[in-house]
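Please keep the sequence and the model in view while reading.

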Amino acid sequence: MDENVKRMLDVSFSATMRISKLATEMEEGGEDIISLAVGEPDFDTPEFIIEAANEAMKKGFTHYTPPSGISELREAIAEKMKEDNDLDFTSDNVLVTPTKHALFMSVLAHLDDGAEVILPDPAWVSYGPIVKFADGILRRVPAHGEEFELKQESLEDAISSRTEMIILNSPSNPTGKMLNKEERKIIRDLAVDNDLKVVTDEVYEKLVFEGEHVSLASMDGMRERTITVNGFSKAYAMTGWRIGWLACTEDMLENIVKIQTHSITCATSFAQKAAYRALVEEWKSERALESMMDKYRERRELMLERLDEIEGFTCRKPESTFYTFPKYEFDKDSMEMSMYLLRKAKVATTPGSAFGDRGENHLRLSFANSKENIQEAMDRIEKAVEKL
Ligand SMILES: Cc1ncc(COP(=O)(O)O)c(C=O)c1O
């Protein structure tokens with residue numbers, strides 16, 4: 001490893017990689033591991049989306065596209081955002097790119113060296129490294145209690161003269177929580193009063209069981225400062241396709257397009273055609289999504305019921321995503337707890353500390369798995385923790 005690249009010193013492989021590496025080794029050694037650690041739908045991409053990519057490839061749609069993406073997809077995204085999210089954007093405000101790359105570019109293009117970024121704790125594992133790669137400085141703001149509420153006072157305490165940006169993720173990975181009306185207002189006021197740029201990751205938008213998803217950019221004074229990031233991975237079971245989008249003012253988009261042009265050039269051409277088909281055929285009817293959501297809903301109930309029965313665990317009901325984020329009361333930190341469950345119960349979980357200090361004493365359990373596997377995994381966990 002090159003020890004001299006300063007930018008890399010502060011970024012390590014995620015703690016979760018240690019768990020998945022060990023889980024893979026155990027599986028290769030013939031052990032029967034159930035993984036509740038995966039961050040993707042267990043469903044395959046719906047057939048009609050695959051067909052769209054096949055058709056595109058057969059027709060020779062295998063070349064570069066414009067950097068921002070094909071116009072029909074950008075138009076469909078703009079229309080979707082208008083109807084679903086109350087955002088007045090046209091295709092000129094939309095850039096098609098993998099979701100994670102959208103987040104990278106949003107931060108890289110809009111953060112000065114040494115500027116500060118506010119990030120709630122807990123939060124998804126990659127925001128921190130993204131800010132560090134952009135030579136920014138993270139200010140983590142702990143969410144309060146087991147409802148993981150964002151409080152005005154804690155957010156204000158984190159603001160300094162160098163604060164330039166706030167990153168938000170609602171619905172949230174790992175907690176499954178959506179920002180409520182009061183929190184949205186606090187964030188809006190904070191951003192407007194301090195002239196902050198806002199990066200909002202709404203990739204779990206479609207996986208909502210209760211309540212309503214509201215895009216931050218639709219709030220008064222937010223459109224001109226907010227980059228909204230979304231994608232096809234979670235809603236349409238398209239993680240491997242690497243396709244998503246971002247939307248913001250044309251002014252904000254300019255620097256982002258520079259990065260896209262000089263990094264990946266454009267998103268994969270036939271994946272764009274498939275994403276277009278997913279949007280126009282699926283978005284209005286949501287048939288494939290609904291059938292996935294029915295399954296997620298049942299699995300969520302099952303996992304919550306089982307967690308409720310196991311002594312030492314408590315869990316808020318996630319209103320969205322396919323994660324639960326239970327708190328436990330055993331004398332082990334979350335990395336040790338995850339390792340223990342992997343070795344003793346042969347169940348892979350994600351340690352809560354991977355998402356920040358506030359995630360300590362929690363585990364993230366994904367219910368993007370069959371009911372049989374969830375049932376079996378919970379049986380094994382129950383048995384393993386009896387010994388603690
Ligand atoms: C909150 C969040 N944002 C972004 C991503 C990245 O999405 P994609 O894999 O589509 O780039 C993930 C993936 O797990 C995620 O959980």
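Helix α12 spans residues 334–345; its 12 residues reach 15 Å from the first C-alpha to the last, close to the 16 Å expected at 1.5 Å a residue. The expected span is 1.5 Å times one less than the number of residues in the helix. The model is a predicted one, in which local features need pLDDT of at least 70 and side-chain atom pairs count only at pLDDT 80 or more, while totals for chains, interfaces and linings use all residues. Residues are numbered from 1 along each chain as its sequence is written, and side-chain values use heavy atoms, with hydrogens and water left out. Helices (H or I, at least four residues) and strands (E, at least two) are DSSP runs, numbered from the N terminus.

Nine of the 12 residues of α12 are buried, so the helix is largely enclosed by the rest of the structure. Buried here means under 20% relative accessible area, with a 1.4 Å probe and protein chains only. Among the buried residues of α12 are Met-337, Tyr-340 and Leu-341. At the N-terminal end, Asp-333 caps α12 through a side-chain oxygen that lies 3.1 Å from the backbone nitrogen of Met-335. Just beyond the helix, Lys-346 adopts a positive phi of about 60°.

Met-337 also belongs to the surroundings of Phe-313, which touches Leu-307, Pro-326, Tyr-328 and Phe-330, among others. Contact means heavy atoms within 4.5 Å. Phe-313, together with Phe-232 and Tyr-296, touches the most other members of the largest nonpolar core, which has 64 residues. Helix α11 (residues 287–309) gives the most to this core, with eight residues. At least three residues of the core come from each of domain 1 (6–44 + 288–386) and domain 2 (60–284). A nonpolar core is a set of buried Ala, Val, Leu, Ile, Met, Phe, Trp, Tyr and Cys residues joined through side-chain atoms within 4.5 Å.

An open sheet is formed by three strands in the order β10-β14-β13, with antiparallel pairing. β10 (323–324) and β13 (350–351) stand at the edges with a single partner strand each, so one side of each has no neighbour in the sheet. Two strands pair if DSSP finds at least two bridges between them; β13 and β14 (residues 363–366) are joined over two bridges.

The domain bounds come from an automatic or database domain assignment. The centres of domain 1 and domain 2, taken over C-alpha atoms, are 25 Å apart, and 36 residues of domain 1 are in contact with 38 residues of domain 2.

Terms used. Buried means under 20% relative accessible area, exposed over 50%, partly exposed in between (1.4 Å probe, protein chains only). A polar contact is a pair of N or O atoms within 3.5 Å; within protein, one must be able to donate a hydrogen and the other to accept it, and residues adjacent in sequence count only if both atoms are side-chain atoms. Lists of a residue's contacts leave out its neighbours within four places in sequence.
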